[in-house]
Amino acid sequence: MVFIISSRGQQQLSLNLSIPIVDWGRNRGKRSLALSNLKTEQYNIELEQIAIEEEIVNLVQNTELISDNIKIARQADTIASERYDLAEQQFLIGRIGLTELNIALTEKDEAKRAFIKNLRLFWESYYHIRRLTLFDFVNGTKISYDVSD
């Protein structure tokens with residue numbers, strides 16, 4: 001800061017300069033805090049990566065189980081459809097009543113619903129794995145998104 005004082009023909013110049021010689025460790029504290037925050041974030045990132053990897057492993061295992069369930073549900077659907085066809089033929093010739101025919105129809109519909117449900121679960125799991133891994137398993141390529149709009 002510069003002050004010019006004039007009195008009776010004399011001029012005086014006053015110059016004050018302020019330079020902190022000692023900051024009492026503030027900068028060192030800020031640096032230490034920043035390094036601590038960096039280590040915390042790195043640790044959090046590692047934990048998130050481990051959690052994502054575990055989620056992917058679980059999803060893959062569940063997808064394999066669902067795939068097995070699809071095979072079983074497909075067989076059950078085929079058997080239930082054949083049973084209904086037989087029940088319908090027997091109903092037409094009078095060997096079974098309407099109640100038995102309705103039971104066969106209900107079982108056929110339930111088997112179809114179970115098959116479709118397992119298919120839906122499989123594809124949801126498959127696309128969830130794709131989203132987490134950013135990998136297209138059909139084409140064998142990485143998935144990338146253009147976010148520049």
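1. E124 is a partly exposed residue, with a relative accessible area of 43%, where partly exposed covers the range between buried (under 20% relative accessible area) and exposed (over 50%), computed with a 1.4 Å probe on protein chains only. Its side chain meets that of R120 in a salt bridge, at 3.1 Å from N to O, a salt bridge being a side-chain nitrogen of Lys or Arg within 4 Å of a carboxyl oxygen of Asp or Glu. R120 likewise counts as partly exposed because its relative accessibility is 44%. The two residues R120 and E124 both belong to helix α2 and are 4 residues apart, about one turn of the helix; helices (H or I, at least four residues) and strands (E, at least two) are DSSP runs, numbered from the N terminus.

2. The model is predicted, so that local features need pLDDT of at least 70 and side-chain atom pairs count only at pLDDT 80 or more, while totals for chains, interfaces and linings use all residues. Residues are numbered from 1 along each chain as its sequence is written, and side-chain values use heavy atoms, with hydrogens and water left out.

3. A search of the whole structure gives 4 salt bridges. One of these joins the side chains of E107 and R83, at 2.9 Å from N to O, and this pair links distant parts of the chain, with E107 in helix α2 (residues 98–133) and R83 in helix α1 (residues 26–92), 24 residues apart. E107 counts as partly exposed because its relative accessibility is 37%, and R83 is placed in that class because its value is 39%.

4. D136 forms a salt bridge with R130, in which the closest N and O atoms are 3.1 Å apart. Are these residues buried or exposed? Both D136 and R130 are buried.

5. Leaving aside its neighbours within four places in sequence, A73 is in contact (heavy atoms within 4.5 Å) with A111, A114, F115 and N118.

6. The axes of α1 and α2, which are lines fitted to C-alpha atoms over the stretch in contact, with angles running from 0 to 180 degrees between N-to-C directions, come within 7 Å and cross at roughly 160°. The helix α1 is therefore roughly antiparallel to α2, a term for angles over 145 degrees.

Conventions. Parallel < 35°, antiparallel > 145°, perpendicular 65-115°, else oblique.
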